[in-house]
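Please read it beside the coordinates.

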Amino acid sequence: MDTDLKAFLQRAEALMARLEPLLPAPRTPIDWAGSLAARWHREAQGGYLQPLKVSLDIRPDDLIGIDRQRELLSSNTRQFVSGLPANHVLLWGARGTGKSSLIRALLAEHAAAGLRLIEIERDHLADLPRVVDALLGLPYHFVVFCDDLSFEAGEGDYRVLKSVLDGSLERAPENVLLYATSNRRHLVPERQSDNEHWQMVDGELHPNEAVEDKIALSDRFGLWLSFYPFSQDHYLDVVRHWVAALAEQAGLNWRWDESVEKEAIRWATSRGNRNGRCAYQFARQWVGKRLL
């Protein structure tokens, strides 16, 4: 009998050794008092929130020339963390104009009031209901942040997003909002053929209703903020700000003159782009060279 029991236990141990790598690793609940942000990770058995170490070095005042967008988003977020009605937000427009930076800056401004940031990749939006469930009932206010949000024709994840935002019986709880950035206002592409009402398109008997289904996603966001390409003066203002900020941190004495302005313009021309990202990159390069 002892021999049979010993053999059984050995087989059980061997089986557990084979199964253990397939089981999800135990996850320690996030201490939101000490963690300001997290990222959703997908795995075979579902997914989990991984705490992130974030730097609060970007403040809303660092974002030059987008005062209206900054004030509207900050006001919406103040309402949210105060327990007042607030809207999901879509920030759309030209690349490098401060959309993602503005959301990160909000964390520095409102973290003390209980704001927390959850980052989710566009390809993981099908897990959004799980993310929302994990945040339900917690004594914090969570902004779920999706960067570069858009969908191609034929993809169905946008319908999950529509239901979570507004339109299903089980909506997002009051302590969760979605802030998304995109280079396009209509997140699902609308084809020219969609407007050809006079003929059947790809077997669609009611093409106008198909168009409504596509653009309905953007309508779920109560607040739209538009970001436009920088003028040269706007670009140079941002360059001056970041050069001054980085030079002050490094203890570098400098002054703005025509030579710096020309260098900044040449930098933007060589990249074929004038935006905040380009201005910040030039400032880092210029200050770094002076320090070297």
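## Sheet and packing

Strand 3 and strand 7 pair in the parallel sense over five bridges. Two strands count as paired if DSSP finds at least two bridges between them. Leucine 90 stands opposite tryptophan 224 in strand 7. Strand 7 is mostly covered, with four of its five residues buried; buried means under 20% relative accessible area, exposed over 50%, and partly exposed in between, with a 1.4 Å probe and protein chains only.

The model is predicted: local features need pLDDT of at least 70, side-chain atom pairs count only at pLDDT 80 or more, and totals for chains, interfaces and linings use all residues. Residues are numbered from 1 along each chain as its sequence is written, and side-chain values use heavy atoms, with hydrogens and water left out. Helices (H or I, at least four residues) and strands (E, at least two) are DSSP runs, numbered from the N terminus.

The open sheet has seven strands in the order 2-1-4-5-6-3-7, with mixed pairing. Strand 2 (46-52) and strand 7 (223-227) stand at the edges, each with a single partner strand, so one side of each has no neighbour in the sheet. Neighbouring strands are turned by 25° against each other on average, direction ignored.

| Strand pair | Sense | Bridges |
|---|---|---|
| Strand 1 and strand 4 | parallel | three bridges |
| Strand 4 and strand 5 | parallel | five bridges |

Arginine 39 stands opposite glutamate 119 in strand 4. Glutamate 119 in turn stands opposite phenylalanine 145 in strand 5. Leucine 117 has valine 143 of strand 5 as its bridge partner. Four of the five residues of strand 4 are buried.

Helix 2 (residues 67-81) lies across strand 3, strand 4, strand 5, strand 6 and strand 7, running at about 150° to strand 7. Angles run from 0 to 180 degrees between N-to-C directions, and axes are lines fitted to C-alpha atoms, for helices over the stretch in contact. Contact means heavy atoms within 4.5 Å.

Helix 7 (residues 232-250) and helix 8 (residues 258-271) pack at about 115°, with their axes 11 Å apart. That makes helix 7 roughly perpendicular to helix 8; angles under 35 degrees count as roughly parallel, over 145 as roughly antiparallel, 65 to 115 as roughly perpendicular and the rest as oblique. The contact involves Gln232, Tyr235, Leu236 and Val239 of helix 7, and Glu261, Ala264, Ile265, Trp267 and Ala268 of helix 8.
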